[in-house]
Amino acid sequence: MKISLFITCLNDTLYPKTGIATVALLERLGCQISFPLEQTCCGQMHLNSGYQAETLELVRRFIEVFETEDAEYIVSPSGSCVAMVREYFTKVCEWAKDTALETRAKKLSERTLELSEFIVGILKLEDVGAYYPHRVTYHSSCHGLRTLALGNAPYTLLKNVRGLELMPLENAESCCGFGGTFAIKNPETSTAMLSDKMRCILNTKANTCTGGDNSCLMQINGGLSRMNTGVRTVHLAEILTQTEGGA
Amino acid sequence: MSREISAPVMSRETMLSTIKSALGTPREATAIPRNYRLETNQQNLTALLEERISDYRARVHITNDIQKTIEEILERLQIAKIAVPHDLPETWLPNSVEKIIDHPNLEPRELENAQAVITGSKLAIAETGTIVLDHSAHQGRRALTLIPDIHICVVFERDIVDNLPSAISRLYSSVAAGQPITFISGPSATSDIELSRVEGVHGPRVLEVVLVKLEPDL
Amino acid sequence: MPFINPTTYQKAAKIALENPQLRRNLGKATTAIREKRLKVVAELPDWQALRDAGAAIKENAMQRLPELLLQLEQSVQKAGGKVHWATDALEANNIVSRIVKAHQAKEVIKIKSITTDEIGLNDALKGSGITAIETDLAELIVQLAHDHPSHILVPAIHKNRAEIRELFLKSFNIKPEDLSDEPRALAEVARRYLRQKFLTVPVAISGANFAIAETGTVGVVESEGNGRMCLTLPKVLISIMGIEKVLPELRDLEVMLQLLPRSSTAERMNPYTSLWTGVHMGDGPKEFHLVLLDNGRTKVLADEVGRQALHCIRCSACLNVCPVYERAGGHAYGSVYPGPIGAILTPQLIGFETDHAQSLPFASSLCGACYEVCPVKINIPEILVYLRGQVVEQKSGFFNLEGTALKSMAWVFMDVKRYELAQKAARVGQLPLAKNNKISSLPGLLAGWTNSRDLPSVPKQAFRDWWRENKGKS
């Protein structure tokens with residue numbers, strides 16, 4: 001299966017390990033991966049900040065970079081960025097009344113998937129042969145949960161990781177408070193939401209909190225680290241890529 | 001900053017024209033998909049109604065003897081004086097109780113003297129535990145079922161419908177005739193204190209339902 | 001709109017967040033109602049079909065608004081009622097005052113209506129020497145406390161029972177030993193105080209949950225019975241209704257009366273729903289006035305994306321699931337319409353000129369919980385994002401740091417070489433800030449993050465660098 005990797009600007013710059021893990025994992029699962037170096041950003045941050053004109057150009061550029069890719073699917077280790085492509089690309093085009101681009105956006109969005117929904121839904125795999133002997137809890141990112149309706153896919157994958165003790169997270173579906181620029185424009189409210197999320201995580205006694213979005217994990221780890229809790233965050237891809245006897 | 005009040009006609013025209021220009025070129029209005037349940041396959045409506053009304057902390061008495069049941073309720077609650085609509089069947093009431101018979105000129109204050117009010121009903125909705133009055137036969141005007149603290153309501157089994165769509169279709173003619181409609185789902189309550197539904201405030205705080213299985217002998 | 005708090009959401013929320021009692025009250029109340037809602041909604045196998053119908057009915061009604069309002073007017077008049085049209089708050093208040101004065105009434109009794117809070121009716125009536133007595137328990141609490149509503153369904157949610165008891169002790173001169181904080185006891189106080197008013201005050205003012213164009217029937221959904229009191233006992237009834245509340249047909253109630261109670265108080269049905277058509281001889285008010293209110297609604301209607309906000313049936317489900325509302329409460333939104341719906345409705349009603357209005361579309365992390373529960377499927381996150389565009393446009397004439405920063409970033413993202421250069425620059429630029437692989441302090445706009453959170457330092461190698469090194473050409 002040929003897939004094209006959409007790394008996201010956040011992962012590319014701050015969390016390359018997630019990308020490396022994603023590549024290793026998908027190759028192990030039999031995929032052939034291409035990475036168009038021309039990609040930069042999907043425009044989510046600009047859209048959420050209200051810069052629609054700039055967003056339209058970033059969307060156009062993204063579509064140009066990916067639509068000619070010789071791949072069955074475009075896969076990304078980020079629920080929020082995939083939600084941007086699937087849910088908002090066409091809307092942005094509609095608001096700008098660019099019907100031609102809207103059509104291209106729709107076509108592209110139909111084959112853009114988040115990592116866990118790709119593995120479970122397309123590769124039809126629930127056990128990826130991973131080994132991760134830690135107590136782990138899973139935070140359900142809002143875009144993945146509600147916009148992409150990932151459902152049980154991430155949990156199913158985690159349940160089959162050998163050695164991993166999966167702790168249920170109270171209020172797993174509550175927002176961590178990141179919300180992109182919300183975290184900076186409304187830092188007090190963002191932190192209040194984060195403090196409740198951290199309390200639930202600490203109550204699980206897990207030493208690791210995982211999820212499908214490094215944006216959320218950056219927020220969560222921001223608090224866990226500042227408070228010296230001894231709990232770390234790790235992206236789902238980085239867990240699934242680990243095998244017994246070496247990554 | 002003072003302002004002249006526009007003549008009423010001008011405001012009407014202004015608003016209508018503002019709305020029209022806000023909407024722009026007229027398009028075909030959205031079709032309404034009605035794929036919800038117009039009726040359910042619910043079997044035992046009587047049992048369901050009893051269960052749902054009881055959930056609201058109202059008492060339900062299933063009976064085939066209206067008079068006997070009402071007598072028991074009045075005795076249990078120690079009610080000596082009741083208010084009734086002028087057309088309430090005599091056969092429903094025990095002889096011993098003192099009656100205030102409602103009429104349009106009766107002051108609401110007079111109704112305060114009644115400990116309880118007894119009425120019939122138009123229909124009942126099993127799914128939501130709701131009794132509906134259209135204030136026509138045997139039900140009296142709205143103030144009657146509002147002021148006394150205890151409402152004893154007679155519901156006939158044949159008037160129980162399963163859900164709201166069934167109820168609304170049966171209420172159409174009452175509405176078209178200009179009747180006011182009151183939906184009653186339990187006694188008065190409030191959710192204003194900490195968002196939990198608790199004891200009532202202004203309407204009747206006690207609701208007793210007489211659920212009749214037989215055809216009435218009118 | 002009165003009670004516009006001129007502060008931005010961020011500033012107001014900051015203060016509200018520091019109130020532990022408020023946090024606790026909100027958390028407790030919203031958690032409880034969320035669980036209840038899930039239960040009653042799960043009972044209906046056709047919940048999604050009802051939502052689809054509700055959304056379509058509302059959309060249809062807005063599309064046909066001129067025709068439906070005319071039909072409503074005709075139906076109400078035929079049934080003996082009078083219809084008034086008010087383009088704004090001032091006009092509405094004048095219409096109401098005029099009617100009350102014509103009956104020489106010095107007092108009016110009111111059913112809870114956020115619409116009347118929106119137009120500042122009580123204060124306007126006061127100016128005309130008329131006292132408006134709130135009969136809804138929560139609005140009574142708000143009135144006695146000289147406070148403002150903080151929730152559209154339960155306006156006094158920010159107060160717990162102990163605080164309400166304190167308020168009643170003071171307001172009604174009750175001895176502490178004579179009043180517990182049991183809700184039943186508190187409700188009894190309100191009952192005794194208001195009973196006399198219900199039986200004597202000749203004019204009542206209400207809002208309307210809906211008005212049916214086909215039949216001229218107006219409906220009020222309530223719990224306590226104060227609604228029924230106000231709607232039936234006085235001689236004169238005035239109902240003030242936003243024009244968006246009109247529904248096409250009576251049968252549309254079969255959808256709305258299923259969606260509303262389960263979404264608002266999380267019950268199968270609220271205690272009392274009253275429907276009345278015009279004036280009915282021998283039963284109820286002898287005079288009925290329906291005031292159709294615009295007050296900015298046509299502004300909302302004019303926006304093809306934003307007009308969805310007018311579909312709102314005021315259930316407040318969105319408030320109860322919103323993690324932002326749950327923490328800072330309703331007052332922080334500075335409007336009688338708080339929460340997610342308030343964040344999209346308020347700025348559209350009042351315009352985007354003020355800092356306050358501009359801050360509202362940003363008072364959200366876009367988690368989408370509101371959209372999930374909205375009974376009429378208003379896509380609140382989409383409208384929030386869309387309105388943020390309006391805010392940026394509003395600010396575009398002026399220099400602002402954020403605009404410059406974001407426009408530069410967009411320029412960087414438009415070219416991969418610039419992008420890669422920026423990545424390198426970040427690696428270098430962080431050097432004075434990064435310690436032990438984390439950054440704990442950032443200047444300027446970004447200090448908001450590091451005041452409470454760490455940031456990872458920028459790794460030496462970006463993913464694309466690793467790819468080039470290990471995978472060659474893509």
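I began with the surface of chain A, which exposes about 8,800 Å², 51% of it supplied by carbon and sulfur atoms (Shrake-Rupley method, 1.4 Å probe, with only the protein chains shown counting as cover for residues). I note that this is a predicted model, in which local features need pLDDT of at least 70 and side-chain atom pairs count only at pLDDT 80 or more, while totals for chains, interfaces and linings use all residues. Residues are numbered from 1 along each chain as its sequence is written, chains are lettered from A and ligands numbered from 1 in the order in which they are written, and side-chain values use heavy atoms, without hydrogens and water.

I then looked up burial, and found that 64% of the 247 residues of chain A count as buried (under 20% relative accessible area; exposed is over 50%, partly exposed in between; 1.4 Å probe, protein chains only).

In one of them Asp102(B) pairs with Arg141(B), the closest N and O atoms lying 2.9 Å apart. I found Asp102(B) buried at 6% relative accessibility, and Arg141(B) is buried too, at 14%.

I also looked up Arg195(C), which forms a salt bridge with Glu112(B), with 2.9 Å between the closest N and O atoms. Arg195(C) is buried, at a relative accessible area of 11%, whereas Glu112(B) counts as partly exposed at 31%.

Notes:
A salt bridge is a side-chain nitrogen of Lys or Arg within 4 Å of a carboxyl oxygen of Asp or Glu.
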